[in-house]
Structure formats: C-alpha cells, structure tokens
Amino acid sequence: MKLVYTAPTMFMVAHIRNLLDAEGIACHVRNEFLSAGAGELPPTEVWPEVWVVEDTQAERARRLIAEATKDSGAEPGQSWRCQACAEELDGNFAQCWKCGALRTDT
Ligand SMILES: [Zn+2]
C-alpha cells in the first residue's frame, strides 16, 4: 500500500478515487469519515487519504493525479510572468491586468 494523495476535502479525494478506479488501479480511502470532526482537530490529521493497493501502480497513480490536479495545482500567490508584455503578476490572477493576455504557463 502506498499513499498517493491527500486533500482537505472529501470532494477531491472522491474525485481521485474515481479517477484511479476508472484506470483500473485498486485503491483505498482512509479517514473518509473522520473529516466530519475537522473543526475539533488539527486539519491535516483528519485529511482523507488515497492509498494504492499495489505498490507497483503507485507511480502511475501519482502521474494520473498530477495530471488531474494540474489545473488547480498552481500555488496561490506564486507569481508568474505575462508572455505578451512580460509584466510580473500575482498568482491569483489568471489573466494579465496590464494587457489582458491569458496566463499560459500552467
Ligand atoms: Zn501582459
């Protein structure tokens, strides 16, 4: 068993589990029902976790997860540079405030 993914919300974990299921990768979710008490405990201790049953499939699972979470995976607050006008922009923006070009580096 290898841990391949954890997230603060069951929503994302369920999404990843479905993704792995669809790819034929057997997985288990841990802490699925503990998150209800998240207000009482340090949040990371109750994050649901996705574990891949076969260690040999863990690498493939991680790649699939990386692919699936890419769009929302950009660190908030991490700056980026506009391809069109070279303006440096805050990571929260998906579009250049100066020239209007869409972010292209993610
Ligand atoms: Zn720009």
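**Zinc site and salt bridges, term by term**

Author: The side chains of K98 and E87 meet in a salt bridge, 3.3 Å from N to O. This is a predicted model, where local features need pLDDT of at least 70 and side-chain atom pairs count only at pLDDT 80 or more, while totals for chains, interfaces and linings use all residues. Residues are numbered from 1 along each chain as its sequence is written, and side-chain values use heavy atoms, with hydrogens and water left out.

Reader: Why is the contact between K98 and E87 called a salt bridge?

Author: The term needs a side-chain nitrogen of Lys or Arg within 4 Å of a carboxyl oxygen of Asp or Glu. K98 and E87 come to 3.3 Å, N to O, so the pair qualifies.

Reader: What makes K98 exposed?

Author: Exposed means over 50% relative accessible area, buried under 20%, and partly exposed in between (1.4 Å probe, protein chains only). K98 has 52%, so it counts as exposed. C99, at 40%, is therefore partly exposed.

Reader: How do you know that C82, C85, C96 and C99 are donors of the zinc ion?

Author: Donors are N, O and S atoms within 2.8 Å of the metal (3.2 Å for Na, K and Ca); water is not among the atoms, so sites may look incomplete. The SG atoms of C82, C85, C96 and C99 lie 2.3 to 2.4 Å from the zinc ion, so they pass.
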